[in-house]
Structures are given as structure tokens and as C-alpha cells.
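Here's a quick briefing to read alongside the model. Have the sequence handy as you go through the points.

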Amino acid sequence: MESDDSDEHEIIRALEAVDALKLALVSVPDSETIEDFLIHVEGDTARFRH
């Protein structure tokens, strides 16, 4: 089970690093800024949900 625990810690560290960047999505000028979102990247495809 060490591998699973190690993978979980790696994911947590990656999520914390991304969160520390304080990213925001802005689609066009004068529109709503979205600060809480989830990004999923698989290969060369990315999707987001808010």
C-alpha cells in the first residue's frame, strides 16, 4: 500500500502547488472572474468545471 499512499501525497502536493498560484479564469473583459474551478488534463486535452 506504500505506492497508493505515495501517489496520494504526490497528488496533494501538486494540488497545493497549483492552489498557491492563485489562478483565476477570465473569459472576456468586464466579465465574471472565476476563482474556484477544477481543471482536468489528460494528454493534450484539458477541461475545466466551475
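By class, how many nonpolar, polar and charged residues does the lining of the largest pocket have? The lining has nine nonpolar and four charged residues, and no polar ones. Keep in mind that this is a predicted model.

**The largest pocket**
- The space in the largest pocket comes to about 380 Å³.
- Its lining is made up of 13 residues.
- If you want to find the centre of the pocket, look for L15, V18, D19, L23 and F37, which lie nearest to it.
- Two elements, α1 (2-20) and β3 (38-42), each supply at least two residues of the lining.
- With five residues, α1 gives the most to that lining.

**A nonpolar patch on the surface**
- V18, L21 and L23 together form a nonpolar patch on the surface.

**The loop between α1 and β1**
- L21 has a relative accessible area of 56%, so it counts as exposed, the cut-off being over 50%.
- K22 lies in the loop between α1 and β1 too.
- K22 is also exposed, because its relative accessibility is 67%.
- The backbone of K22 is worth a look: its phi is near 55°, a positive value in a residue other than glycine.
- For context, most residues other than glycine have a negative phi.

Notes:
Residues are numbered from 1 along each chain as its sequence is written. This is a predicted model: local features need pLDDT of at least 70, side-chain atom pairs count only at pLDDT 80 or more; totals for chains, interfaces and linings use all residues. Side-chain values use heavy atoms; hydrogens and water are left out. On a 1 Å grid over the protein atoms alone, a cavity is a set of points where a 1.4 Å probe fits but cannot get out, and a pocket is an open set with protein on both sides within 12 Å along at least five of seven lines; lining residues have an atom within 4 Å of a point. Grid points are joined across faces, edges and corners, and a volume is the space filled by probe spheres set on the points. Helices (H or I, at least four residues) and strands (E, at least two) are DSSP runs, numbered from the N terminus. Ala, Val, Leu, Ile, Met, Phe, Trp, Tyr, Cys and Pro count as nonpolar, Asp, Glu, Lys and Arg as charged, and the others, Gly among them, as polar. Patches are made of residues with over 30% relative accessible area and no salt bridge: like charges are joined within 9 Å, nonpolar side chains (Val, Leu, Ile, Met, Phe, Trp, Tyr) within 5 Å. Accessible areas come from the Shrake-Rupley method with a 1.4 Å probe; for residues, only the protein chains shown count as cover. A salt bridge is a side-chain nitrogen of Lys or Arg within 4 Å of a carboxyl oxygen of Asp or Glu. Buried means under 20% relative accessible area, exposed over 50%, partly exposed in between (1.4 Å probe, protein chains only).
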